Structure formats: structure tokens, C-alpha cells
Amino acid sequence: MDVTDPDWLTTGWNHVWLPYAQMRTAPLPMPVVRTSGSEIQLADGRILIDGIASWWTACHGYNHPHIRAAVAAQLEAMPHVMFGGLAHEPAYRLAARLAGLLPDGLNRVFFTDSGSVAVEVAMKIAVQARLNRGARNRTKFVAFHGGYHGDTFATMAICDPEEGMHALFAGMLAEQVIAPLPRDAASRAAFDLIVEAHAGILAGIIVEPLVQGAGGMVFNDAATLRHLRATADHYGLTLIFDEIFTGFGRTGTMFAWQQAGVVPDIITLSKALTGGTSPLAATIVADALFDAFLSDNPGHALMHGPTFMANPLGCAAANASLDLFETEPRLAQAAAIEAALRTGLAPCRALPGVVDVRVMGAIGVVQLERIDDPAALRAAFIRQGVWVRPFRDIIYLTPALTIEPGRLSDLCQAVVNVVNSTTAIKTGTAPNS
């Protein structure tokens, strides 16, 4: 620890448990005192350009005045009230607005407080809809290699089993059907055989449309999603699009399903739903599935209700975020970011150790042969004045849609500089430049 570290950091360090970190060896995190736009201000006065929008949430940048004002007004009126048996305007308005943005028939919104839980609710709905109709053996899901849907027990079971993050729990997880994503003729044939073999026990298919995010930023296309829709229709399966990462402009359209022209039966949303301001998630369900819960039998109700579901502060932030998509040019900004990423990251293609450079919407990815020392790589980015968190074998940028062109250029140049010094980073001798 540095003598200049603030007291709250040094005192609290012995009591916090960090995410995705080996606490015996984890370095002390950098203390943040303020955020603004695409900038993170550290306690020592340094400014970092945020290249990942706080895990893809801050789509409008930090501290947008419209969202801040909406949350302040809601805080004054009612910070929270339970959603069981009571109603409040922010949630009901938000549900109607979300349904209005989605295809006809996707009308029922179930609010939760995290993406993982939104996915669990989607799975629960897909299974219970069948149970309510007497199909007791249709309880499994097809998910995909390279997929990621959360860290809870149900969602771990539908993540890539070889990815490693959840391998420790393999014997404790519900057994699901993990298949290759049908991206070409060979993987499509393998996928078809797997689904055919398990069709009698399947409730649904879950996929991250267009981009598999935390599994490695692997891209797919409309043909893949059309094939999944046709397969779901053929076998009577629920098709779930996990748009927690891809939603709200990240792929260049408001939602990824719009580019594919494929309508799922359930969509899950979170992350940028509130513009990165507060936790909130939503599971939006087709009328046909919702109808399976309408019954004189109380046991057919969906028995799920997070304590803070539809939190008014989160709903106020989400409504304000949707206002900004209506009144400010977010999708045009995403298109401009896509063009800038294509140009700015292109020099990486010629650098040693680079396997691929790919861009979709406001997502830029540089895939390396390997990353031997992620901590050293992150430190190198900090020395460049940017906040970027490589993982697995990729360096990626997912900036706020509002990022200034100069700041985006700085991010791209930092990636080029750091990738150019990858060999030194592997040996722990990265330059300080």
C-alpha cells in the first residue's frame, strides 16, 4: 500500500472481497473519487479514459445530467416501495416503454435487480410454462460454447463449461446441453444433431445475439439467429435472447434482434438499462408464454419476487435513459464509434501475436495468441492513461456511446501501443511509456 492511499481504502482493504480476484495476490485497487463523461478521476488526481463503460453499463457516459436529475427527483419522492401488492409510476411507465420498443407480442415485463437473475427468471418461465401445461420432462436448455450468462448456479450451468470460470462447480450444476453455435455448415450440422438427440427434454435455447460478450467477444450473425429461431419453432422450444450486453445501442442498433430480423420469445436486459446509474434488470416475455401462467390454480403463478424488484430509483434512471435514446443521437454515435474503431485498431493487425481484429457497433476487439500476465497488461494501460480490462486472450473497447472523438482516438492508440509491447509485457519488462 502507498502512503498516499486514502484511509478508507487502507482500512477497508482487510474487509472487502473483490470480484474475479485471488485475494492473496490481488493488487490494491485504484481509489476513484469522481466520474464524468468518459473519465474516471483517481484519488491522486490522475484521470483515466474509461474504455469499457464500467462493464458496458454507462452508455451515456457518467453523470449525465438528465439521469441525475430524474434520480434526484425520485429520491425526494420515494426511493423504494415493495412491488408486491403496491404499484408506482416509474415501473409501470418503464414496462410500457420497454414493451413498445420490442416486437409485437413481447408485452410482459418482469423486473429484477441483476442480469443473472433476469436470465434465471427467463429459464424459470420457460420451464414452468411447460409444467403448467403438463409437460413435466421439458426442463433443459441448449446453450453454447463461448457463452456467458451470469455467475449464479442456474446461469453457471448454461455458460461455456470449458471456459474455466465455473469449472470448479461442474458436479453441482444442473446438467444442460452445451452445443457449438451454428455459425457455419459444420457447426450447424453438429448443433442440429445435438438438439435432435435431446429434443424430448428441452424447454428452450438461450443465446447472446450477435456477440458473445464475457465468453470472448465472439461474433455471430443473422443467419445463426435465424437457424436458432427455425430450430426452436420445429421442436417447440422457447428462444431466449440474452441482450444484457448487446442491448441499448451496443451493436449499432437499439437491440441486436433488430439487425437479425429474428424475434425471440424472451429477451433479458440489464447493464445499460439504467445508463449505468443503478442496478436494474428486466425479463420481457411473449404473450403466449405469459398465458400459460393464467389459471384458477394458484400454483400456476410465477413464484418469484426479489425484494428490490422494480426499485423506483432504478426505474426512474431507466426512463431517463430511454429519454436520451429518444432525444440524443445515440445510434448515430454508435455508428461513428464503429468507424473510428475500425480505423483506430487497424494497425494492430500487423503486430506480432495478434490473431484477429474485429468491430461491431461500439465494440472493438483485438484478439491475441495469448495473454500471459493480465495484471501487467492492465498496468500498462493505466500508464497510458486509460482504463481497459483485458481477459482471456482479448483486449476490447466498449466505450460510452457519448465518448468524444479525441478520447476514443486516445483509447485506440493506447491499445496499439500496449499490443506493440506485448512481448515485453509477457516477461514483466513493459516500458513505462
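Predicted model: local features only at pLDDT ≥ 70, side-chain atom pairs only at ≥ 80, totals over all residues.
Is Thr224 buried or exposed? With a relative accessible area of 1%, Thr224 is buried, because anything under 20% counts that way. Which residues does Thr224 touch, once its neighbours within four places in sequence are set aside? The answer is Leu181, Pro182 and Arg183.

**The whole protein**

Now zoom out. The protein has 15 helices and 16 strands. Its radius of gyration is 22 Å, close to the 22 Å that the globule rule gives for 433 residues, so the protein is as compact as a globular protein of that length. If you draw a box around the C-alpha atoms along the principal axes, the box comes out at roughly 65 × 55 × 45 Å.

How much of the protein is tucked away? Buried residues account for 51% of the 433 residues. The protein exposes about 19,100 Å², and 56% of that comes from carbon and sulfur atoms. As for charge, there are 30 positive and 39 negative side chains, and the centres of these two sets are 1 Å apart.

Take the contacts between residues at least 6 apart in sequence: 69% of them join residues at least 24 apart.

**An aromatic meeting point**

A search of the whole structure turns up nine aromatic pairs. One of them is Trp56 with Phe245: the ring centres are 4.3 Å apart and the planes meet at 50°, so this pair is tilted. Trp56 belongs to helix 2 (residues 53–56), while Phe245 is in the loop between strand 10 (238–242) and helix 9 (256–260), so the pair links parts of the chain 189 residues apart. Trp56 is buried, with a relative accessible area of 8%, and Phe245 is buried too, at 6%.

Trp56 has another partner. Trp56 and Tyr396 form an edge-to-face pair, with 6.1 Å from centre to centre and 70° between the planes. Since Trp56 is in helix 2 and Tyr396 in strand 16 (residues 394–397), this pair ties together parts that are 340 residues apart in sequence. Both Trp56 and Tyr396 are buried. Which residues make up the aromatic cluster here? Trp56, Phe245, Phe391 and Tyr396 form it together.

You'll find Phe248 in the loop between strand 10 and helix 9.

**A buried serine in a loop**

Ser38 lies in the loop between strand 1 (32–36) and strand 2 (39–42). Leaving out neighbours within four places in sequence, Ser38 is in contact with Leu48, Ile49, Asp50, Ala400, Ile403 and Glu404.

| Residue | Relative accessible area |
|---|---|
| Thr224 | 1% |
| Phe248 | 2% |
| Ser38 | 3% |
| Phe245 | 6% |
| Trp56 | 8% |

Terms used:
Residues numbered from 1 in each chain as written. Heavy atoms only, no water. Helix = DSSP H or I, 4+ residues; strand = E, 2+ residues; numbered from the N terminus. Rg over C-alpha atoms; globule rule 2.2 N^0.38 Å. Buried < 20%, exposed > 50% of the residue type's maximum accessible area, 1.4 Å probe, protein only. Contact = heavy atoms within 4.5 Å. Areas by Shrake-Rupley, 256 points an atom, 1.4 Å probe, with all protein chains shown as cover. Lys, Arg positive; Asp, Glu negative; His and termini not counted. Charge placed at Lys NZ, Arg CZ, Asp CG, Glu CD. Phe/Tyr/Trp six-rings, centres within 6.5 Å; stacked < 30°, edge-to-face > 60°.
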